[in-house]
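Please read the points below beside the model, as a colleague's note for someone meeting this structure for the first time.

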Amino acid sequence: MHPATRGKLKRQGLLKGRDLKNEKGQIYYTIYLVSENQEFLKKYPRRDRKTRETIVDDKGKQVVS
């Protein structure tokens with residue numbers, strides 16, 4: 001997900017994250033728990049990660065990278 005989209009969804013209250021802070025109080029990471037974001041996951045289901053782009057050479061043969 002694009003960072004700008006993630007920020008917008010957090011501002012709208014659709015996506016709930018927990019900020020992890022260091023000893024100075026600075027946020028260094030945000031985690032998103034599945035249990036807290038059930039409504040978001042129903043509205044935006046996960047995409048299939050198995051779909052891959054295939055690259056073909058001039059002869060129509062698949063190129064393995």
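1. The protein chain has 2 helices and 4 strands, and from the N terminus on these elements follow the order α-β-β-α-β-β. Helices (H or I, at least four residues) and strands (E, at least two) are DSSP runs, numbered from the N terminus.

2. This is a predicted model, in which local features need pLDDT of at least 70 and side-chain atom pairs count only at pLDDT 80 or more, while totals for chains, interfaces and linings use all residues. Residues are numbered from 1 along each chain as its sequence is written, and side-chain values use heavy atoms, with hydrogens and water left out.

3. On overall dimensions, the radius of gyration of the protein chain is 19 Å, whereas a compact globule of 65 residues would have one near 11 Å; the radius is taken over C-alpha atoms, and the globule rule is 2.2 Å times the number of residues to the power 0.38. The C-alpha atoms fill a box of roughly 55 × 30 × 20 Å along the principal axes.

4. Of the 65 residues of the protein chain, 8% count as buried, where buried means under 20% relative accessible area, exposed over 50%, and partly exposed in between (1.4 Å probe, protein chains only). Among contacts (heavy atoms within 4.5 Å) between residues at least 6 apart in sequence, 16% join residues at least 24 apart.

5. Which residues does D19 touch, not counting those up to four places away in sequence? They are K10, I27, Y29 and T30. D19 itself is placed in strand β1 (residues 18-21) and is partly exposed, with a relative accessible area of 35%. The C-alpha atoms of D19 and Y29 are separated by 6.0 Å, although these residues are 10 residues apart along the chain. With T30, the side chain of D19 makes a polar contact to the side chain at 2.9 Å; such a contact is a pair of N or O atoms within 3.5 Å, and within protein one must be able to donate a hydrogen and the other to accept it, while residues adjacent in sequence count only if both atoms are side-chain atoms.

6. Is N37 buried or exposed? N37 is buried, with a relative accessible area of 4%, and its place is the loop between β2 (27-31) and α2 (38-43). Leaving aside residues up to four places away in sequence, N37 touches L14, L15, K16 and Y32.
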